[in-house]
Amino acid sequence: MDAKSKLLTLINARIEKVTKLIKEKNADALIIMNQANYRYLTNFTGEEAELILCANGDRILLSDSRFAGQIKKQAPGEMKVIMKRKNSVSEITEQLRHLSLKKVLVEGEAISAIDYQNLVNSNSDIEFEMALELVEVARNVKDELELDALKQAIAISSQSFTEILPMLQPGVTEREIGAKLDYLFKLNGGDGPSFDTIIASGYRSSWAHGVASDKKLQKGELVVIDFGSFYHGYTADITRTVALGQVPAELQKIYKIVYEAQKQGIATAIAGKTGADVDKAARDYICEQGYGQYFGHGIGHGIGLEIHELCMPALPFSKEVLKDNMAITVEPGIYLPDFGGVRIEDDILINGNSPETMSKLPKEELLVL
């Protein structure tokens with residue numbers, strides 16, 4: 001099977017999964033405005049578009065002339081394409097009038113209140129209902145194409161991290177390191193960073209989301225680096241903590257605790273468990289070691305077309321039952337205020353009772369530069 005035929009087969013399987021969910025809600029169609037979601041169902045990567053997916057599998061993509069050639073090249077299969085000339089609500093309304101629909105779902109997290117009200121007012125004969133994270137339910141379990149892209153994103157991110165290590169020297173700013181890492185993502189074949197790269201050194205390593213600043217690295221500090229590149233729309237999310245020379249004994253101690261906590265969390269990331277089970281395994285160990293109050297965030301989240309999946313109220317990671325081919329992060333940390341912090345994060349593929357750590361960068365010992 002050639003690449004185009006394979007892509008179309010996977011797109012059709014994705015459509016089937018989502019239309020099944022539409023039918024379960026006794027609806028006739030779903031209006032999709034989340035870019036990741038319409039990309040998942042069309043392979044079109046442009047912005048400012050909407051997709052009407054009917055319960056019978058018919059698709060109507062509304063875009064504009066800027067993307068006509070791109071849609072033709074990227075999107076396989078039968079699909080009606082509309083080049084918009086008016087605002088999105090007006091164009092959607094015009095298409096709905098040709099479809100004889102009774103009940104239509106709308107992505108509640110992707111539409112503004114005013115647009116939703118205008119849509120309702122313009123289509124008085126249709127019942128509208130907010131649908132929260134419907135396509136995301138299908139996206140949680142990755143297909144072969146998605147896993148290939150994820151693993152390539154992880155490989156590019158890991159290679160770029162390794163290449164940045166010689167630059168970690170006293171006097172270099174966090175911002176300089178972050179800029180070089182982001183550059184390397186593209187140089188190594190990625191599509192650029194999937195979030196603001198975190199480079200947090202010294203006291204700032206205790207800031208869980210210490211985005212790269214003008215602070216200069218100093219000897220005797222820990223440096224937390226949280227990074228990830230996109231590749232064909234899919235993202236890695238990895239964290240490593242390194243030391244510039246020898247660091248205080250307590251920082252070495254918490255590194256070992258976080259490493260062991262992550263091992264226990266990963267071992268629990270098996271099909272049938274929940275995100276809460278993974279969190280408990282790691283958190284309980286950190287608490288037993290006396291550092292529970294310094295681990296304030298959750299253990300992880302899903303990854304895929306978006307950097308944070310399985311995070312929204314409708315699909316919280318803590319309550320989701322893990323299934324084969326889900327991709328998640330496991331990222332415990334300990335953050336001692338104004339002193340230093342440690343986080344270790346890897347990308348994990350759920351695989352029955354044998355979770356696969358897709359990110360392979362060394363972590364068993366604190367790396368001292």
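**Entry 1: cysteines.** I began with Cys311, which is partly exposed at a relative accessible area of 42%. I reminded myself that this is a predicted model. Next I looked up Cys287, and its relative accessibility of 42% makes it partly exposed too. Then I checked for disulfides, and the count came to 0.

**Entry 2: strand E11.** I moved on to strand E11, residues 238-244, and asked how many of its residues are buried. I found 7 of the 7 buried, so the strand is largely enclosed by the rest of the structure. I recalled that side chains in a regular strand alternate between the two faces of the sheet. In E11 I saw cover on both faces: Ile238, Arg240, Val242 and Leu244 are buried on one side, and Thr239, Thr241 and Ala243 are buried on the other.

**Entry 3: neighbours of E11.** I looked up the strands that E11 pairs with. Strand E8 (residues 221-227) runs antiparallel to E11, and 7 bridges join them. Here I noted Val223 as the bridge partner of Val242. Strand E17 (residues 367-368) runs parallel to E11, with 2 bridges between them. There, Ala243 has Val368 as its bridge partner.

**Entry 4: two asparagines.** I kept in mind that most residues other than glycine have a negative phi. Asn26 has a positive phi, near 55°, and sits in the loop between helix H1 (3-24) and strand E1 (29-32). I found Asn26 exposed, at 64% relative accessible area. Asn43 also has a positive phi, about 75°, and I located it in the loop between helix H2 (35-42) and strand E2 (50-54). Asn43 is partly exposed, with a relative accessibility of 23%.

Definitions and conventions. Residues numbered from 1 in each chain as written. Predicted model: local features only at pLDDT ≥ 70, side-chain atom pairs only at ≥ 80, totals over all residues. Heavy atoms only, no water. Helix = DSSP H or I, 4+ residues; strand = E, 2+ residues; numbered from the N terminus. Buried < 20%, exposed > 50% of the residue type's maximum accessible area, 1.4 Å probe, protein only. Disulfide = S-S within 2.5 Å. Pairing = 2+ DSSP bridges.
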